[in-house]
Each structure stands twice: as C-alpha cells, then as structure tokens.
Amino acid sequence: KSLLKAMSAPMSTGEAWRTDTTQVAQVFWRGSFAMAAGVEAVRKAARADRVTVWIPGYFCDEALDPLRRLPVDLRFYPVLEDLSPDWSAISERHAELPSAQILVLVHYFGFPNATNQAKIFCRQHNLVLLEDSAHVLRPAGGIGNGDLSIFSPWKILAVPSGGILVTSQELANHLPSAQLDQRGKKQTIHWLAKRLTQKVL
C-alpha cells in the first residue's frame, strides 16, 4: 500500500526546503546534478565563459562528475581541523582567477559549517555561496542561507532518488530543465521492483 501510494503521489513543491517565499526549489535526479545545474545557472547569470568552483579538499570525486562536464575550473581548498574552509588559503589564490567564482561549503554529516563566516567572506570577495546540505533533510540552524543550497533526500529517506536545488528567482531563470534522464527512470523502476519484491517475500 505504501509503495502504491508513493507511486501515485504528486511531486513535492519543495516548500519544506525554502527558507522564504522568494526562493525557488527544483527537483533533480541526484544532488550532484542539482549542484551542476546551480553552477551552470551562476555562469549564465554572470555571462561568463567559465566559472571557478572552490571545493573542499576531501570532496567525493563521484559527486563532481556532472560538474566536470561543464566549463568550470575546480579548485580544491584546504580545510581546518573542524572542516571549515582555510579562508587565508582561498584569499591568497582567488584574486588571480576570473571573477565568476563559487564557494562550496559542505555541512558534513549534517553538522552546520561556518555559514555566517562564509557569507561574510563571499560578500567581501565577490563569491557566490553554494551550501552542500546533502546530509541534511531540510534548512535549520544556520543551514540553507546561501545563494544556492543543495539537499539530497535520498541519502536520508527511503526513496530511489532526489536532489533539491534551492536558489533565488533570479538564478532560477537560468536553470536547465530538471527532467529525469533515461538512466534515472530505469533506476527508479529497478528500485521500485526491488522494494516490491522484498515486501512480497
């Protein structure tokens, strides 16, 4: 009954992931695709040929695959013992790069990172703040206040997929379509068949 109900349920409007009414939430197959779409939206909004994306040094390489297909330059920044960015290292290197730049701040395992400090830093250095909240179910306590936010419900809930990108309306105008690709459809069907078989057995 639960599976059948889930299959016929309408798609979420994303209200739970928005911190105010001026934001837009869009659903993607995975958080990595949501991140790539957000980065591409920033590049288009800035009318830049390429965009520099600052990523923490420990970031999962698999999650970067969609980003590597775009006109981006990845820069890996060192982190401190509490996993917050090494601000001085970024400050030293960012000035020599093109102006369109994004700082990815990861809320590792759902623990809020240095969001307020990141917002101040990004404002001072003209960077766009992208919060990777893949291990967080919804905005709370200093999470979800950046220019863009990524959530991955499938990492927390028993669902086959789901990446949520939250942006301003201005950036949302530059987003590509969030339609599921054929691989996503096949994986969803496979997941449903597997869960149904487990339930029957």
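Exposed here means over 50% relative accessible area, and buried means under 20%. The structure examined is a predicted model.

The largest nonpolar core holds 29 residues. Within this core, Val39, Val53 and Leu67 touch the most other members. Seven elements are listed by residue range: α2 (31–46), β2 (51–56), β3 (72–77), β4 (101–106), β5 (128–133), β6 (148–151) and α6 (169–172) each give two or more residues to this core. The most comes from α2, with 7 residues. Val53 has contacts beyond four places in sequence with Val39, Leu67, Val72, Asp73, Leu74, Arg75, Ile102 and Val104. A second core of 13 residues is separate. Trp87, Leu105, Ala118 and Phe121 are among its members.

Helix α5 spans residues 115–125. Thr115, Ala118, Phe121 and Cys122 are its buried residues. These four lie on the same side of α5, because they cover an arc of only 125° around the axis. Residues three or four places apart in an α-helix point the same way, because there are 3.6 residues a turn. The buried residues of α5 pack against α4 (87–94), β4 and β5. On the face turned away from the buried side, α5 carries the exposed residues Asn116, Arg123 and Gln124.

Helix α4 was examined in the same terms. Trp87, Ala89, Ile90 and His94 are the buried residues of α4. Seen down the axis, they fall within an arc of 160°, so they line one face of the helix. The buried residues of α4 pack against β2, β3, β4 and α5. Glu92 is also placed in α4. With a relative accessibility of 61%, however, Glu92 counts as exposed. The C-alpha atoms of Glu92 and Gln198 are separated by 54 Å. Along the chain, these two residues are 106 residues apart.

Most residues other than glycine have a negative phi. Leu83 has a positive phi, near 70°. This leucine sits in the loop between β3 and α4. Leu83 counts as partly exposed, at 27% relative accessibility. Asn126 follows α5 and is not a glycine, yet its phi is positive, at about 60°. The loop between α5 and β5 holds Asn126. Asn126 is exposed, because its relative accessible area is 57%, which is over the 50% limit.

Val106 lies in strand β4. Its relative accessible area is 6%, so Val106 is buried. Beyond four places in sequence, Val106 touches Pro56, Tyr58, Phe59, Asn113 and Asp132. Leu70 is 36 residues from Val106 along the chain, and the C-alpha atoms of the two are separated by 21 Å. Arg43 belongs to helix α2. This arginine counts as buried, because its relative accessibility is 15%, under the 20% limit. Leaving aside neighbours within four places in sequence, the contacts of Arg43 are Ala48, Asp49, Arg50, Val51 and Pro71.

A probe the size of a water molecule, rolled over the atoms, shows where empty space is left. The second largest pocket has a volume of about 620 Å³. Its lining comprises 26 residues. Ser32, Cys60, Glu62, Ala63 and Lys155 lie nearest the centre of this pocket. The elements that give two or more residues to the lining are α2, α3 (65–68) and α7 (182–200). The largest share, 4 residues, comes from α2. By class, the lining has 13 nonpolar, 6 polar and 7 charged residues.

How values were computed:
Residues are numbered from 1 along each chain as its sequence is written. This is a predicted model: local features need pLDDT of at least 70, side-chain atom pairs count only at pLDDT 80 or more; totals for chains, interfaces and linings use all residues. Side-chain values use heavy atoms; hydrogens and water are left out. A nonpolar core is a set of buried Ala, Val, Leu, Ile, Met, Phe, Trp, Tyr and Cys residues joined through side-chain atoms within 4.5 Å. Buried means under 20% relative accessible area, exposed over 50%, partly exposed in between (1.4 Å probe, protein chains only). Contact means heavy atoms within 4.5 Å. The arc is that of the directions from the helix axis to the C-beta atoms. On a 1 Å grid over the protein atoms alone, a cavity is a set of points where a 1.4 Å probe fits but cannot get out, and a pocket is an open set with protein on both sides within 12 Å along at least five of seven lines; lining residues have an atom within 4 Å of a point. Grid points are joined across faces, edges and corners, and a volume is the space filled by probe spheres set on the points. Ala, Val, Leu, Ile, Met, Phe, Trp, Tyr, Cys and Pro count as nonpolar, Asp, Glu, Lys and Arg as charged, and the others, Gly among them, as polar.
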